[in-house]
Structures are given as structure tokens and as C-alpha cells.
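Please read the notes below alongside the structure. They are meant for someone meeting it for the first time.

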Amino acid sequence: MPDDDIVIPQDHDASPLREDEYYVVCPACGQAFDIRCMAEALHHNELGHEPYDLDS
């Protein structure tokens, strides 16, 4: 699992992100996901994944 693929805010002294800044689009599957949700972030870090099932 390459570390450079994980999106983690680094500046702890910065003001909180706007709500829309917590969402990124996965370049592999095209699904937008919330980087604050560990399950979604880890899912989108896996190679060859399908979009995350939000209904489960």
C-alpha cells in the first residue's frame, strides 16, 4: 500500500477545512468519498476496487 496514495491533512495549525474540502474523487473508480471516514478511505486505497457500497 503506497503511502503517497493516502490523503491526510498535514497542517495541524490550519483552520478546519470547509465541508466540501473533505470530499475527494477517487481516480480509480470515480466515486467521491469523505476522507474523514476511515472505511471509505481505506477502501479507495485498495488497487482494483469497485465503488464503495454506501448501503451496507
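Predicted model: local features only at pLDDT ≥ 70, side-chain atom pairs only at ≥ 80, totals over all residues.

1. Helix 1 spans residues 38-45, and Glu40, His44 and Asn45 are its buried residues. These three cover an arc of only 135° around the axis, which puts them on the same side of helix 1. The cover over the buried residues of helix 1 includes strand 2, residues 32-34.

2. Pro27 sits in the loop that runs between strand 1 (23-25) and strand 2. Its relative accessible area is 85%, so Pro27 counts as exposed, the cut-off being over 50%. Along the chain Pro27 and His44 are 17 residues apart, and their C-alpha atoms are separated by 9.0 Å. Of this pair, His44 is buried, whereas Pro27 is exposed.

3. How many salt bridges does a search of the whole structure find? The search gives 4. Among them is a network that links Arg18, Asp20 and Glu21. Arg18 pairs with Asp20, with the closest N and O atoms 3.1 Å apart, and also with Glu21, at 4.0 Å from N to O. Arg18 is exposed at 52% relative accessible area. Asp20, at 48%, is partly exposed, and Glu21, at 35%, is partly exposed as well.

4. Another salt bridge joins Arg36 and Asp34, whose closest N and O atoms are 2.9 Å apart. Arg36, at 43%, is partly exposed.

Definitions and conventions
Residues numbered from 1 in each chain as written. Heavy atoms only, no water. Buried < 20%, exposed > 50% of the residue type's maximum accessible area, 1.4 Å probe, protein only. Helix = DSSP H or I, 4+ residues; strand = E, 2+ residues; numbered from the N terminus. Arc of directions from axis to C-beta. Contact = heavy atoms within 4.5 Å. Salt bridge = Lys/Arg side-chain N within 4 Å of Asp/Glu carboxyl O.
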